[in-house]
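Opening my notebook on this one. I'll jot down what I looked up, in the order I looked.

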Amino acid sequence: MIIDLKAVFLAPRRFEFALEQGWWQGDQENDRIIGLDGPLKVEINIAKAGSKYVLDGRLSGRLIIRCDRCLEQYVSDLESDFSLFLAISPSGQGQSEIEFLEDDMGIDFLSGNEIDLEEVVKAQIYLSLPIKCLCSEDCFGLCPVCGVNLNIETCGCQRKKGHPAFLKMKNLKFKGETE
Ligand SMILES: [Zn+2]
Ligand SMILES: [Zn+2]
């Protein structure tokens with residue numbers, strides 16, 4: 001969805017739309033985001049502030065994500081508010097830049113006075129991901145030796161070696177305990 005910022009020059013504008021499940025196209029094969037689980041609701045306000053534009057948005061929906069530990073898919077709620085400043089370079093040669101309020105990421109969504117709201121949404125979805133995407137806090141992940149998913153099955157290699165934390169506990173002695 002391409003918006004001409006000149007249309008925002010006099011009055012703020014509000015955009016509300018839903019991106020359908022098939023909208024997401026990952027960037028690469030090993031993308032952590034598999035896709036959307038149902039439609040993604042998007043609300044975006046754009047207003048002019050001095051020489052800049054302020055874009056406030058909200059995303060709500062669900063993502064299908066690949067767990068970093070066990071590589072299985074899981075569904076995660078996406079509720080994200082964001083604010084961006086858009087700046088159009090004074091040269092007006094189609095070279096524009098976007099400043100994020102917090103991180104200064106040099107992502108260029110603008111060509112001339114136009115902004116692609118879907119590109120903004122896509123970038124915000126990536127920014128909303130945690131550093132580690134886990135299907136559950138205590139996901140056991142894959143066995144580093146044989147590769148089985150330890151949430152579903154157990155394997156001989158893990159039992160022999162034991163988890164380091166358990167080995168430590170085995171050696172703990174309680175006060176007053178004698179050998
Ligand atoms: Zn997992
Ligand atoms: Zn194993």
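Predicted model: local features only at pLDDT ≥ 70, side-chain atom pairs only at ≥ 80, totals over all residues.

Residues are numbered from 1 along each chain as written, chains are lettered from A and ligands numbered from 1 in written order, and side-chain values use heavy atoms, leaving out hydrogens and water.

Fold. I get 3 helices and 9 strands (DSSP runs: H or I of at least four residues, E of at least two). From the N terminus the order is β-β-β-β-β-β-β-β-β-α-α-α. Of the 179 residues, 34% are buried (under 20% relative accessible area, 1.4 Å probe, protein chains only).

Zinc. I looked up what holds ligand 1: the protein donors are the SG atoms of C67, C70, C135 and C139, 2.3 to 2.4 Å from the zinc ion (donors are N, O and S atoms within 2.8 Å of the metal, or 3.2 Å for Na, K and Ca). Their spacing reads C-x2-C-x64-C-x3-C. Angles of 105 to 114 degrees make the site tetrahedral (four donors, all angles between 85 and 135 degrees). C67 counts as buried because its relative accessibility is 0%; C70, at 4%, counts as buried too.

Core. The largest nonpolar core has 34 residues, and V121 is among those touching the most other members (buried Ala, Val, Leu, Ile, Met, Phe, Trp, Tyr and Cys joined through side-chain atoms within 4.5 Å). Elements giving two or more residues include β5 (52–66) and α1 (117–128). Leaving out residues up to four places away in sequence, I find V121 touching L19, W23, L40, V42, I44 and L59 (contact: heavy atoms within 4.5 Å).

Conventions
Tetrahedral: all angles 85-135°; square planar, octahedral: opposite > 155°, others 65-115°. Buried < 20%, exposed > 50% of the residue type's maximum accessible area, 1.4 Å probe, protein only.
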